[in-house]
Amino acid sequence: MHKIKLSDDIYFIGVNDRRTALFENFWPLPYGVTYNSYLIVDEKVCLVDTVDRKFTDDYFDKIDEILGDRAVDYVVINHVEPDHSGSLKALRDKYPNITLVGNKKTFPMIENFYGISEDTLTVEDGDELILGKHKLNFYTIPMVHWPESMVTYDASDKILFSNDAFGSFGTHDGGVFDDEVNLAFYEEEAMRYFTNIVGKYCPHTARALAKLEGIDIKQIAPSHGIIWRSNIPYIIEKYQKWSSYTTDNGVVVIFGSMYGNTEKMADTIARQLAVRGVKNIRVYDASKTHVSYIISDVFKYKGVMIGSCAYNNEMFPAVENVARELVHKGIKDHLLGVFGSYSWNGGGVKNLQKFADDIKWDVVNSSVEAKGSMSAKTLDEAIALANAMADKLDEMV
Ligand code: FEO
């Protein structure tokens, strides 16, 4: 295999995972994912993060190919989530004298996950670890997206090992660096990764970005996806935009429908939005499209129209799942419209109104509820709802 270098003595030794269907056993991986790890070969040898335990053998082969019989002295644990710490136990068996480097929140978690409590070096914000020519500095970035999350900065080569921050879904299909790939693909998968995994912690991400602002960064080496070296302002600007809930003009129309009545309302609303000049309209059947993609588009566009048929006096389960995730993610600063069908006792619209109270978005107009199929009156109301959304979006321009 090619040896992939970030600099004279820093190697990329991560792995592609094309077999796992769901990240964290929940988020779809149609294009796979990578677990990135880095090897710094100096007077002391240091790993930055490891890989998912399923890939430990391939991972060790990569280390052996570079180091031969030489041992690893340190492993920096930027993040304890097992997609990055999964090989730690095997790594300690392979290198019994290795020292684990983390912060004060890292090691209680390492003990909980792996029963390891020895050979640790606890670092604090700004601390330095000298490997020889290379000096590492550590900066904690709590809740991006776990409490112990930190980043590591190599001052000699100006590389930021950024952990999950700036990561993306998608494997390395030949290209490993940002200037070797079509960025449009990775922007979509970086956004889906950010919104799905880190998006609940936007204020923490904004604080982390501010904390790292003064650092001279020539490469960003995250723990998933491509390494950034030619488009660093591009990905930082994206993170600033996403973490501040800055949206584009557009509407995501989400519906759950058993027999097509709520779907017809969704199509009526979408058509009227288009008539009113809204160009970015995404209509999603919550039963068909995984919430992962819907969340990503909600982060992208200012407007959300959400509709549900009634189901056992409740929301339709697939819509309920979307609504719960949107509240859970704490997404802010959106425009909202609610619609649905009543069937025999209601429940869809009634509970979506509770969702509207919980999420505290700007509701553009009264909710619209068809008794069964759309009447002439509910058709007019659906068009009025779409017009109210379009009016509010016009105010954005
Ligand atoms: Fe990629 Fe939060 O682990």
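Me: What volume does the largest cavity have?
Reply: About 60 Å³. Bear in mind that this is a predicted model, where local features need pLDDT of at least 70 and side-chain atom pairs count only at pLDDT 80 or more, while totals for chains, interfaces and linings use all residues. Residues are numbered from 1 along each chain as its sequence is written, and side-chain values use heavy atoms, with hydrogens and water left out.

Me: What makes a set of points a cavity, and what makes it a pocket?
Reply: Take a 1 Å grid over the protein atoms alone: in a cavity a 1.4 Å probe fits but cannot get out, whereas a pocket is an open set with protein on both sides within 12 Å along at least five of seven lines. A residue counts as lining if it has an atom within 4 Å of a point. Points are joined across faces, edges and corners, and the volume is the space filled by probe spheres set on them. By this rule there is 1 cavity of 30 Å³ or more.

Me: Which residues line the largest cavity, and how do they divide into nonpolar, polar and charged?
Reply: The lining consists of Ile-141, Val-144, Val-151, Ala-165, Phe-166, Thr-205, Ala-208, Leu-209, Leu-212 and Tyr-239. Ala, Val, Leu, Ile, Met, Phe, Trp, Tyr, Cys and Pro count as nonpolar, Asp, Glu, Lys and Arg as charged, and the others, Gly among them, as polar. That gives 9 nonpolar, 1 polar and no charged. Helix 6 (residues 202-211) supplies the largest share, 3 residues.

Me: And what about the largest pocket: what is its volume, and what lines it?
Reply: Its volume is about 470 Å³. There are 19 lining residues, with Met-1, His-2, Ile-4, Gly-14 and Lys-62 nearest the centre. The lining splits into 8 nonpolar, 5 polar and 6 charged. Strand 3 (15-17) and helix 1 (56-67) each give at least two residues, and helix 1 gives the largest share with 5.

Me: How do you know what helix 8 should span?
Reply: The expected span is 1.5 Å times one less than the number of residues. Helix 8 (residues 261-275) has 15 residues, so it should span 21 Å, and its end C-alpha atoms are 21 Å apart, which agrees. Gly-277 follows helix 8 and has a positive phi, near 100 degrees.

Me: Which strands pair with strand 19 in the parallel sense, and which in the antiparallel sense?
Reply: Two strands pair if DSSP finds at least two bridges between them. Strand 17 passes with 7 bridges, parallel, and Val-251 stands opposite Gly-303 there. Strand 21 is also parallel, over 7 bridges, with Cys-309 opposite Ser-341. Strand 20 (residues 314-315) is antiparallel over 2 bridges, with Ala-310 opposite Met-315. Strands 19 and 20 form a hairpin with 2 residues between them, and Asn-312 in the turn has a positive phi of about 50 degrees.

Me: Why is Gly-256 called buried, and what does it touch?
Reply: Gly-256 sits in strand 17. Its relative accessible area is 0%, so the glycine is buried. Contact means heavy atoms within 4.5 Å. Leaving out residues up to four places away in sequence, Gly-256 touches Thr-262, Gly-307, Ser-308, Cys-309, Phe-316 and Val-319. The C-alpha atoms of Gly-256 and Pro-317 are 8.2 Å apart, with the two residues 61 apart along the chain.

Me: Which elements do the buried residues of helix 8 pack against?
Reply: They pack against strand 17 (248-256), strand 18 (281-285), strand 19 (301-311), strand 21 (335-341), strand 23 (368-370) and helix 12 (376-396). Met-265, Ile-269 and Leu-273 are among those buried residues.

Key. Helices (H or I, at least four residues) and strands (E, at least two) are DSSP runs, numbered from the N terminus. Buried means under 20% relative accessible area, exposed over 50%, partly exposed in between (1.4 Å probe, protein chains only).
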